[in-house]
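Work through the exercises below with the structure open beside you. Try each task before you read its solution.

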Protein chains: 8
Amino acid sequence: MLALARVGEIARLDVGRQARKGIPEVILAEGKDPEDVGLIARKMLEKTGSAIISRASPSHLEAVRNHLPDGGRAEYLRRSHIILVRARKGSQRMEKARGGRVGILTAGTSDISVAEEAMVIAQEMGSNVRMYQDVGVAGLHRLFQPLKELLRWDADILLVVAGREGALPTVVAGLVDIPVIGVPTSRSYGFGEKGIAALAAMLQACSLGLTVVNIDGGVGAGAVAALTANRMANLRVSTRHKHR
Amino acid sequence: MLALARVGEIARLDVGRQARKGIPEVILAEGKDPEDVGLIARKMLEKTGSAIISRASPSHLEAVRNHLPDGGRAEYLRRSHIILVRARKGSQRMEKARGGRVGILTAGTSDISVAEEAMVIAQEMGSNVRMYQDVGVAGLHRLFQPLKELLRWDADILLVVAGREGALPTVVAGLVDIPVIGVPTSRSYGFGEKGIAALAAMLQACSLGLTVVNIDGGVGAGAVAALTANRMANLRVSTRHKHR
Amino acid sequence: MLALARVGEIARLDVGRQARKGIPEVILAEGKDPEDVGLIARKMLEKTGSAIISRASPSHLEAVRNHLPDGGRAEYLRRSHIILVRARKGSQRMEKARGGRVGILTAGTSDISVAEEAMVIAQEMGSNVRMYQDVGVAGLHRLFQPLKELLRWDADILLVVAGREGALPTVVAGLVDIPVIGVPTSRSYGFGEKGIAALAAMLQACSLGLTVVNIDGGVGAGAVAALTANRMANLRVSTRHKHR
Amino acid sequence: MLALARVGEIARLDVGRQARKGIPEVILAEGKDPEDVGLIARKMLEKTGSAIISRASPSHLEAVRNHLPDGGRAEYLRRSHIILVRARKGSQRMEKARGGRVGILTAGTSDISVAEEAMVIAQEMGSNVRMYQDVGVAGLHRLFQPLKELLRWDADILLVVAGREGALPTVVAGLVDIPVIGVPTSRSYGFGEKGIAALAAMLQACSLGLTVVNIDGGVGAGAVAALTANRMANLRVSTRHKHR
Amino acid sequence: MLALARVGEIARLDVGRQARKGIPEVILAEGKDPEDVGLIARKMLEKTGSAIISRASPSHLEAVRNHLPDGGRAEYLRRSHIILVRARKGSQRMEKARGGRVGILTAGTSDISVAEEAMVIAQEMGSNVRMYQDVGVAGLHRLFQPLKELLRWDADILLVVAGREGALPTVVAGLVDIPVIGVPTSRSYGFGEKGIAALAAMLQACSLGLTVVNIDGGVGAGAVAALTANRMANLRVSTRHKHR
Amino acid sequence: MLALARVGEIARLDVGRQARKGIPEVILAEGKDPEDVGLIARKMLEKTGSAIISRASPSHLEAVRNHLPDGGRAEYLRRSHIILVRARKGSQRMEKARGGRVGILTAGTSDISVAEEAMVIAQEMGSNVRMYQDVGVAGLHRLFQPLKELLRWDADILLVVAGREGALPTVVAGLVDIPVIGVPTSRSYGFGEKGIAALAAMLQACSLGLTVVNIDGGVGAGAVAALTANRMANLRVSTRHKHR
Amino acid sequence: MLALARVGEIARLDVGRQARKGIPEVILAEGKDPEDVGLIARKMLEKTGSAIISRASPSHLEAVRNHLPDGGRAEYLRRSHIILVRARKGSQRMEKARGGRVGILTAGTSDISVAEEAMVIAQEMGSNVRMYQDVGVAGLHRLFQPLKELLRWDADILLVVAGREGALPTVVAGLVDIPVIGVPTSRSYGFGEKGIAALAAMLQACSLGLTVVNIDGGVGAGAVAALTANRMANLRVSTRHKHR
Amino acid sequence: MLALARVGEIARLDVGRQARKGIPEVILAEGKDPEDVGLIARKMLEKTGSAIISRASPSHLEAVRNHLPDGGRAEYLRRSHIILVRARKGSQRMEKARGGRVGILTAGTSDISVAEEAMVIAQEMGSNVRMYQDVGVAGLHRLFQPLKELLRWDADILLVVAGREGALPTVVAGLVDIPVIGVPTSRSYGFGEKGIAALAAMLQACSLGLTVVNIDGGVGAGAVAALTANRMANLRVSTRHKHR
């Protein structure tokens, strides 16, 4: 089950992770040489049929495209700076749990990039995602309708993305009976800038039922949300099957 | 107008401040020798007829009582640790504006001490105060009724006292059309402890109409609230008079 | 569904929270007057039949006992400083989901108090808990056996409690395919003391599948773990029922 | 009263805020896609007749101009980086209070951009503004004349803008009997850089009568100053009317 | 000139420092075993005829008294927590410069302990000291008279001691043409507590002519002030002598 | 080689660590229940014949003594707060390398406790230790003689213990050609207190040849110094043996 | 003596400062509009005959040159980024003290820019300056010769400029009997970067006789050094004169 | 032995350091003028035959090449940004210890640049280096094989390079019986960014046998590793020789 693919001397890919954990390995491009990222992506593609690259710049995209095998496609998501790469024949499908329901709420328009990052990861892991933007606490009346819709949809878990004072996850966690993950974003300035205020506020939240990921941690949030929701979906299905 | 009373070599009291600014001088006891505080309070009493001592310990209270002139009274407020001292004949009354309407909301039970500090200062400055406790955002439904009552009362300004994630002032400022002052308290632990998370959240608030005082700054919050509200009350009255 | 009980002027209990959210309201004693805590606990008991008080000192315990109604019992958990209070007739039972499986791992002996706090909350919410102590990464060989047992038990979610360098949640999340919640503790000294190093490490974790709560946040961790696990248990059961 | 305008999937404009709160919604451009800002501004213009965009770059300006309806105008304020957008027929006028008197003082020449931001917001909200620049405490003699003029004008509230050591608001609040709002700016370097020293100094101020906004928080300062001053102006006028 | 006295294995006294630098070695008692402090003080006394011990607790005083040689005296200064120890025959007199004029100003009553620490050290080094208390910027009118007196006395250097927002040194340095040393104190709370705000403000001061010592650094401030002032006094005298 | 001893449910002792790593397991008492520490120490004693307990309070000592088996001895080192426990028959001797030469220098008298902690651990691991106290950079002339003696002794490695400005390790590493480990201590106050300044200075040191441990990390410093020095001693001996 | 020159609405120049304080007003260009800096410099030139502009970029230089009156000269110092501007007829000469002796030492080559900034200011104020570069503590033997030369020259005061671990001022202050000013620079990386480690180390210095300015505070350091040294030089001269 | 070469007025090279300490002087280019770096490198080359320049930009490289003497070569290492310069006749060879065995492990692909910096320094000092990349704790199975190979090679010391949560050095130090040096890198984001989390985690490591260098401190880590390993290699050889 432990399959390691080596890329020259620079990387040891954990290509078996998807099978082992149900979470694909995401290549963090930021701070890496574009050429290296291109090589790593190609190796990944050969082994698993797909690759996800986060925090990618245009020069990463170019390098990835230069290393694409015949028939491969690289799609660039402008807002979240993710590159999705696929081999011709479609990616290795996870046999693991799929079909969880992940709801996403953002406090403001500038939190979209992080929210999209989370959405893409969750969808890649086979979860269904519904997202509502710009429902922050400065105008509470914007929140209630989207929240009601997510609960009616019977969402398994909520991701609540917020910068600035980061109050939205606390408010939401006080209103629902499903787990909520707070995702602080770095959209802020002055004291508590770079998302520190939002992170602190979410950690201090007096609502129970809330956990937190790192600032701008869209990838991590999407992965854990899908992992949780898919397990729930799986239980629904498997027990259903058992009883047929 | 500038009247200075000297207490031995240790303090220069600004006994004219009340006349000049409409705000009494508040003696911060914390970190001061009880004996010194007793001497300062007595001198204050002689010059203005009253004294307010904040963050006082029982040993400060004892020293103050030892230095009371005949007929003077020292009252100790257990929750806010304030000592109110009065000379026999009642204190020098402010000729300045009075009668403002200050509303106070606290997020949790443990914010009471700071809220009471603010209330006492505002009342000493001649403002009317209404306070509602424990209406934090973890259970939003607790907030709406008190808020409605404060608006119906036509409050001039709101003090919103909160520790932990400090979200309440942001939410309130999003709902009302009068100025709101956020008062962060040090009731918190872990990352952002000692009120840092609450302060940061209030400074980052995406609601407009909100200013902030220092952590546990009940005295400052009460003073500025009363100053503002009294000016408003004064305008109501003086223009009314003018037109009679 | 929104039931508010008022305690004098000091607290507004959210006694309907358990019905609404499946999470009981936990009274944080730290920084509150013992007398106030006693009154709040009694009111809680009258409304819901039980009360959980965290971070309680012996003087809180004494005050709670003084306000117990006839037949009520207050149990003090020495390591986690929790007081569990029950009315004579047993507490109001949650009709919500129960029976989730929560696994807890601690890195060191001094993390026990926080882990126990989490365990108690999860058990109060009706989850089953298995805990293994002192399996930190300084001696990796101690980890594998407990982890294997938790996976064989088919745990729904893992709480991993660690102070100092906080590496254990990262290592565990790299090995399992269920959600992991990192719980940093304040057991540390020097640079990164008070749990800051552990919190930062968990937020930075390069393993996916991990979320975090605040430092020493045993109550929050236990609540969200039980909420998640109970939903999973519920799906197992309800779909089973549906098909009968 | 609660009117929401949606802009594609990215923003939910609170176009009723001006009516509800007397404060217009200000669009923060920083960190947002220029195209998105253009769309949001246009929607705002259609609904309310005007839009204010803060922290705008030249590319934001260009995008806003590209989305202007016929006859619309976009004015760019070079120092404060604000874009003011108006529809042909003039903006929706606030029926709320207007005419407050807001005094602004800056400590140094480099604080102008933040001060101008505050001035523009206050003027947009219908307040009258007088501003004096470069009167910091390193040369106290520069301060007294401007201050005297503001008091003679009977200013309702003062904004005091300062970077570096941030002492000016403390000194001013010690001299006047109207509320003072300290506005720390990020003009500083070394220890306490980015305005942290100024913010801390203002929060610690031993003068009473002072509240604070976030570092570089010109928009917030202008809004709360106008809100307060307009309420005062309103009281003057309405009581006058009542007695006619 | 380099004379080292060893105290058992625990300390290497720099008894020649006074001759070499004109500054006596000050023994910091805080965090040291009382018995050890007693031994060190005795050794110091034997070698130089006097000893200065700072941040001393009553138990340090007791231990010092137990180790006093016949005829030695230990004086305890209550506010500054300094112990001055003298041998019977009077202390070894510095042959170095003496007679400088050091002015000290404190912002508030609670800064006295640090100011006294500085005063004692400067006096021990042979400087003349004049001190004025409680002249902080919240009431500027209190400052001008003391300052005028210090300038009329032709002070060589000023120590300005302040906690909270630490604005006084900046204001003073803007008004005088002699060097000013800012001494931040830890008297503060909330954001910037423990003197951090005061230190930052003094380092950021826009007045030129100001240097700073550490928070609560009375000993260091007194030493450098006396060193500077004594050199000035010395020049006055020596050139006078030279020309006789 | 991997031997685990369990103590009730609270601890999993790594009793084979000494054999595996040449470093004994040190029990950190701070923050642990005395009773628990007593149980852990006894179990350790049974398995390995000795136990080292650091940061122990008198109540830890009492509990350890209560759990001593017949003939066991517990020695308390007052300065370093270490308890050394031995079974009657002497401890399990390490077969690993011994006899390294560890030199220790302290900057000031108040750094002794940390230095002693390091010394004890290194000696327990079989290294020879020479220590010189109070040779900090404020009087450089005190440093050269001790340093010369350590080099003449042919020390394998140096531990340099310093608080305050932490300059000594940098100066020493600039003068010698053997590895230096900087050990910052928490003896400091004001800005950079609790050893943060010393730690930062050591990490920033412009001398090469220096590594660092955590603030007050005497145990860690002693262990790594002995590990390194013993390997050196071992090479001396083993190659000597090989060639006989 | 208090002369204020106004520059449009943007600046209030303190042109009398040089006469009043013996320190010229230095215009901080950083963060200011080049055009504004040009206007301010011209006004300064008209009033006093010279201007000093610090932290100037090439675009500031260009703007200053564009506003130069006939015959004016602007000199750009490449390392310290200072612009020195002179009117044709030479600058207004200070009648105040001149001729002090300021010694400057830098720890490393990268500290030159800050040291040069200090040197220029001191020279502009009429002091004599001697500077020695790159004598940091990593190679102590480089320090002694320059130090000896400065003492033989009878320097009145020393500026010691250092980044990284900032140990040099402590070491120097332990060796000399004149005042030392530590000037931390931002040349550092990792923990304690941006000069924080150097600042902290200097504030914590166990040598007495040392004060500190802000990180990269060359202007402030040069001004206070010249102020102090000039006063000393003045005393030498004036007493000499008095006795003739 | 103390040989100083001066470069104009800007630098005092410690060209004897290699002989004295066994560590070459490394020129830090960052923050230095390219021209100055070129001059310094040339002087170094003349005196010692080689030069190492770290954190060099392309413009540094160009300047170095411009100042190369005939026959000199400058090699640029792209990942670590080091310039290695050699004179024609080969560099002055260290007579000191050589031949140590240094093992390097990196947690992730983006840690390569720091690891390469360490490797180059260690090799320049005559050590043998083996490096394994991308073996972080998120996939523990990747670690064991490389570690086994390094132990079989009988490495004298290990450098473990890690960013993000920095857990790898703790895990490795728990598994081996040779000294481990943790090298935190700045590859991280959000809370604990810039390597602070990794540094804190390594300082807090509960494994003994670990020391730490500054964030991105590849040069320092390589130097101390080679110093230690070479001393070990030397002992092997010299005792071997002695016995021949």
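## Exercise 1: Two partners of chain C

B:R79 and C:D36 join their side chains in a salt bridge, with 3.0 Å from N to O. Keep in mind that this is a predicted model.

**Task.** How many salt bridges are there between chain C and chain B, and how much area do the two chains bury between them?

**Solution.** 
Step 1. Count the salt bridges. Chain C and chain B have 3. The pair B:R79 and C:D36 joins these two chains.
Step 2. Count the residues in contact. Chain C brings 23 residues, and chain B brings 19.
Step 3. Read the area. About 1700 Å² is buried between chain C and chain B, and 53% of it lies on carbon and sulfur atoms.
Step 4. Find the main contributors on the chain C side. C:I10, C:R12 and C:N214 lose the most area to chain B. Together they make up 30% of what that side buries.
Step 5. Look for a charge over a ring. The charged end of C:R55 sits over the ring of B:Y189, 3.8 Å from the ring centre.

**Task.** Now describe the interface of chain C and chain A. How many salt bridges does it hold?

**Solution.** 
Step 1. Count residues. Chain C gives 40 residues to the contact, and chain A gives 40.
Step 2. Read the area. Chain C and chain A bury about 3500 Å², with 61% from carbon and sulfur atoms.
Step 3. Count salt bridges. There are 4 across this interface.
Step 4. Take a pair that joins these chains. The side chains of C:D156 and A:R231 form a salt bridge at 2.8 Å, N to O.

## Exercise 2: Aromatic pairs

**Task.** How many aromatic pairs does the whole structure hold? Is the pair of C:F191 and G:F191 stacked, tilted or edge-to-face?

**Solution.** 
Step 1. Count over all chains. The search finds 4 aromatic pairs.
Step 2. Check the angle. The ring centres of C:F191 and G:F191 are 4.4 Å apart and the planes meet at 55°, so this pair is tilted.
Step 3. Place the residues. C:F191 is in the loop between β10 and α7 of chain C, and G:F191 is in the loop between β10 and α7 of chain G, so the pair joins two chains.
Step 4. The cut-off for buried is under 20% relative accessible area. C:F191 has 10% relative accessibility, so it counts as buried. G:F191 has 11%, so it is buried too.
Step 5. Turn to another pair. D:F191 and F:F191 are tilted, with 4.4 Å between centres and 55° between planes.

## Exercise 3: Helix α4 of chain A

**Task.** What span should helix α4 of chain A have, and how many of its residues are buried?

**Solution.** 
Step 1. Of the 13 residues, 12 are buried, so α4(A) is mostly covered. Among them are A:I112, A:V114, A:M119 and A:E124.
Step 2. Step past the end. Just after α4(A), A:G126 has a positive phi of about 95°.

## Exercise 4: Residues in loops

**Task.** Where is F:V213, and is it buried or exposed?

**Solution.** 
Step 1. F:V213 has 5% relative accessibility, so it counts as buried.
Step 2. List contacts beyond four places in sequence. They include F:I181, F:L199, H:L203 and H:T211.
Step 3. Take F:I181. It is 32 residues from F:V213 along the chain, and their C-alpha atoms are 7.4 Å apart.

**Task.** What is the phi of F:D134, and where is this residue found?

**Solution.** 
Step 1. Read the angle. Phi of F:D134 is near 60°, a positive value in a residue other than glycine.
Step 2. F:D134 has a relative accessible area of 8%, so it is buried.

Definitions and conventions
Residues are numbered from 1 along each chain as its sequence is written. Chains are lettered from A and ligands numbered from 1 in the order in which they are written. This is a predicted model: local features need pLDDT of at least 70, side-chain atom pairs count only at pLDDT 80 or more; totals for chains, interfaces and linings use all residues. Side-chain values use heavy atoms; hydrogens and water are left out. Buried means under 20% relative accessible area, exposed over 50%, partly exposed in between (1.4 Å probe, protein chains only). Contact means heavy atoms within 4.5 Å. Helices (H or I, at least four residues) and strands (E, at least two) are DSSP runs, numbered from the N terminus. Rings of Phe, Tyr and Trp (its six-membered ring) pair if their centres lie within 6.5 Å; planes under 30 degrees apart count as stacked, over 60 as edge-to-face and the rest as tilted. A charge sits over a ring if NZ of Lys or CZ of Arg is within 6 Å of the ring centre and within 35 degrees of the ring normal. Buried area is the accessible area (1.4 Å probe) that two parts lose on being put together, summed over both.
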